[in-house]
Amino acid sequence: MKTYILVANDPGVGGLVEQAATWGQPVVAVVVGSKDLTQVAACPGVDEVIWLGDPGNHGIEAFASSVAAIVADDPGVVLAGRRPSERVFLGTVAASIMAPIITGVQSVSFNNETVVIKHGIYGGIAVATTQFEGPIAMQIDGGAPVVGGGTAVIETRSATPTTITVTSLTPPEVASVDLDTASRVVGVGRGLKRSEDLGLVEALATRLNAEIGCSRPLSEGLDWLPRDRYIGVSGAHIAPDLYIMIGISGQLQHVSGCRASKVIVSINNDKDALVTQDSDYILTGDLYALVPALSAALEKS
Amino acid sequence: MRIVVAYQWACDPQEALVSSDGKIDFSRAKPTISDYDAVAIEMGCHLAEATGAELIGISAGGEAVATAIATKAALARGLHEVFVVSDPGLDSAGTLATAVTLKAAIDNLGDVGLLLTGDSSLDSGSKTLVAVLAGLLGWPCVTDVMKVTMDGDSLTIERTIPEGIQGLHLHGPVLVGVTSDAVKAKVPGMKDVLSAGKKPARVVSLLDLGVRLPGEGEILSVEKMAGPSRQQIRINTEDPAQAAAELVSALRAAGALDA
Amino acid sequence: MFGLTDEQELIRSSVREFSEAEVAPLAAEIDRDHRPPLETIPKLAELGLLGILIPEQYGGTEMDSVSYCVVIEELSRCCATTGVMVEAHSSLCTWPIVHFGTEEHKQRYLPDLASGVKMGAFGLTEPGAGSDAGALATTARRDGDEFVLNGQKVFITGGGYSEVFIVFARSTEAPGTKGISAFIVDRDTPGFTIGEGERKLGIRGSSTPPLMFSDVRIPATNLLGREGQGFEIAMATLDGGRTGIAAQAVGIAQGAFEAAIDYAQQRVQFGKPLAALQAIQWMIADMATSIDAGRLLVYQAADLEDRGIPHGIAAAQAKLFCGEMASAVAGKAIQIHGGNGYTEAYPVERAYRDAKITEIYEGTSEIQRLVIGRSFLR
């Protein structure tokens, strides 16, 4: 079975290529985007690149059925990332080949005709080990951008986009951030009393050269931070070298988005908060004292 | 013309108890209409009012989704009627099986110009169902949508992507995944609650629709989720400055502060 | 009845969702500032919560008594002040107009009361007439096609912002309670002044000013019911009010109880959460059981009312039990919180202060005991 990597106008598929490489199957990247994108998609680990042409002013999702037709011709294992267009591609392809969709993938092993996958279920409260026969669709964190340099043949195929036309694009007032690829992150939660106090957290993040993330209530509901800062099961999945959690209780919905962090520090005034179970270093106390102290200590050193 | 909202009646996984041998117990959790879908229903109400379309809710699941409390909870939010596929075979249905079932419901309904749904499943958080359903129906699909206006089968949509707010124009029928903050879902008022029981609620089984569920793999085992085991080193915080210094040197030693 | 209907369960979840989003965030502030949450009135109206006892033909949502009690409980769980704001308006003003008003009264007042354009209040209590309501001294002298009111009322819930007042005054020479009549008085009537709200121990956001009547002329058609029927109207109204206040008490207790559970699960002393200690487990058990018992007494009284069966004693039992239960549960909730519970940082001290009034207003526990005891020992 081939492994398909779906590229939806974004080169951030390094993680998918990495995964696919471990399986020893031919890897085909199906690309919707500019010609340059096909060049970077032709990276080590990709054997074939199929280009469906420049989207022009069609919405990327307009090509979902054309992508699906390509895979349906020769069904296999399909991988895509978690960005909006990537999800639509994955779902549309899965429908065309009747492939179950698996998210929260922890490990994949191929045995002859079957694939055994260990994956999170119910938003991450448990892990199932499931055996699949036939084509499957996996949603995996896209990872770093690929930069070409491989030997894949790039083939252009015609596409029949559906009627989705882009009529405008208004850049956001604040530049969006991709926490998934940040190497250091400082996260803030409901322990912060007022949005004015974010300055404390920002100072620490600046010292550390870290991105700022948050638990869901701060970006939805309280609206203290933009939505792309929310770390959690349906938000950013971070895997930084260092993640410092400030005033976060450690509920599953948040923690499942940061489990891949190398080192986790938590600052919380509750000695027995859930978050302590997922921390390498635990500081129990008042964040209003500890966070400035930490910023100061970092400045000194 | 019909506007359909696909909603989920499910329990929040946070309320489930997972024992160490992997048994998942939802008995203490109460199912509700997913908050994400409540937003989609609200948007559907606005559009139905603006266009005069019929607003129909569809859902698929085990026994619970067809109970009076479930259908009334959905109707109380403003749907004109609900159409529910209830079957024991759907108890543990995943994204693909659910999509296949909903597709059959939509085919059965006919005259659907727009399908709205919340951007995540309450229980799996996968955000892919709407796309699978779109693929099965052969209709275009757009997600992360904040605003929809309809004029016949011509739709104008605003949605958020990393690059900003994108304006799109489409021809229906179309599936739309609505962001959780697109509109504020209204709390059902007393009149809505009291009249919910009088609105139509149609319940069918998989057999009634002629649906054969696709395989979604065979579960070999289930375990409690264990993250990588953490060191859980507690740093004494009596003196914040000292605690900070201690943490910084520990992080440096662990290589976490390398540039 | 031992279970709520689907509609009643949905009403509970709707009002809970509303209360947590719109009512709870204001609770501490209005308590601290002794101010009524006027901004909540249009939101309550939008949900249909101000017309619960008003028939649909007058713009109300007319729900059964059990549903009404669920609404009051859920509002009070987040804020006792908001709970009594809706209860007094509904049970003490809209209800008597529906049951004793002429068609003209209903057309004139009910639509505005249902939509929250006007709020309603009940003027019975006087400085010299509390439990002994029959001793009231406010007079209503007939003069041609008007009545002239003179006197004063005290502790009138909602007085500060209400437009429609049900006022009880002595209109004939008949002795004792037989001379009392009920009147509907509009706020802006010349001679009718409303004083400053009292500063109270609890339900501090509830407006409770005195009312002063100085030669207040109202049309004779504003007589509610028959002349001399006033005391009967007051007592019938307070019967329904009892169940409403009992529901408020259950809500206050429920809120304090949930706060106590949260605290017990998080607070660690002697190396484990308080929840692991048997003493705390027993306190929680007692609290839970008494709240459930109180709730069932409320539903029983409401259910009897819905079925048209005399419910006065059941209502008295519900209020007697729930008022004392709420004070006890709130007290235990503070105890579980320890020193923290004694501070404004935690919500249980407010529940404790709010609970006390439920043993007093709309019929003291002592009056309830008289009513209940006498019913058995006639």
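Let's start in the middle: the largest nonpolar core has 202 residues, and Leu114(B), Leu116(B), Val148(B) and Phe168(C) have the most contacts inside it. A nonpolar core here is a set of buried Ala, Val, Leu, Ile, Met, Phe, Trp, Tyr and Cys residues joined through side-chain atoms within 4.5 Å. Helix α6 of chain C (residues 230-266) gives the most to this core, with 16 residues. There is also a second, separate core of 36 residues, and Leu242(A), Leu290(A), Ala293(A) and Ala297(A) are among its members.

Keep in mind that this is a predicted model, where local features need pLDDT of at least 70, side-chain atom pairs count only at pLDDT 80 or more, and totals for chains, interfaces and linings use all residues. Residues are numbered from 1 along each chain as its sequence is written, chains are lettered from A and ligands numbered from 1 in the order in which they are written, and side-chain values use heavy atoms, leaving out hydrogens and water.

How confident is the predictor about chain B? Its mean pLDDT (confidence in each residue, from 0 to 100) is 92, with 98% of the residues at 70 or more. Within chain B, strand β3 (residues 17-18) has the lowest confidence, a mean of 80, while β7(B) has the highest, at 98. Helices (H or I, at least four residues) and strands (E, at least two) are DSSP runs, numbered from the N terminus.

Now look at helix α2 of chain B, residues 68-75, where 6 of the 8 residues are buried, meaning under 20% relative accessible area with a 1.4 Å probe, protein chains only (exposed is over 50%, partly exposed in between). Those buried residues are Ala70(B), Thr71(B), Lys72(B), Ala73(B), Ala74(B) and Leu75(B). They pack against several elements of chain B, including β7 (81-86) and α5 (190-196), and also against α1 (6-32) of chain C.

Chain A has 8 helices and 16 strands. Its C-alpha trace spans about 60 × 45 × 35 Å along its principal axes, and 58% of its 301 residues are buried.

Finally, see where chains B and A meet: 79 residues from each chain take part in the contact, which means heavy atoms within 4.5 Å. Together the two chains bury about 6,500 Å², 58% of it on carbon and sulfur atoms; buried area is the accessible area (1.4 Å probe) lost on putting two parts together, summed over both. Met225(B), Arg230(B) and Arg234(B) supply 12% of the area that chain B buries against chain A, more than any other three residues.
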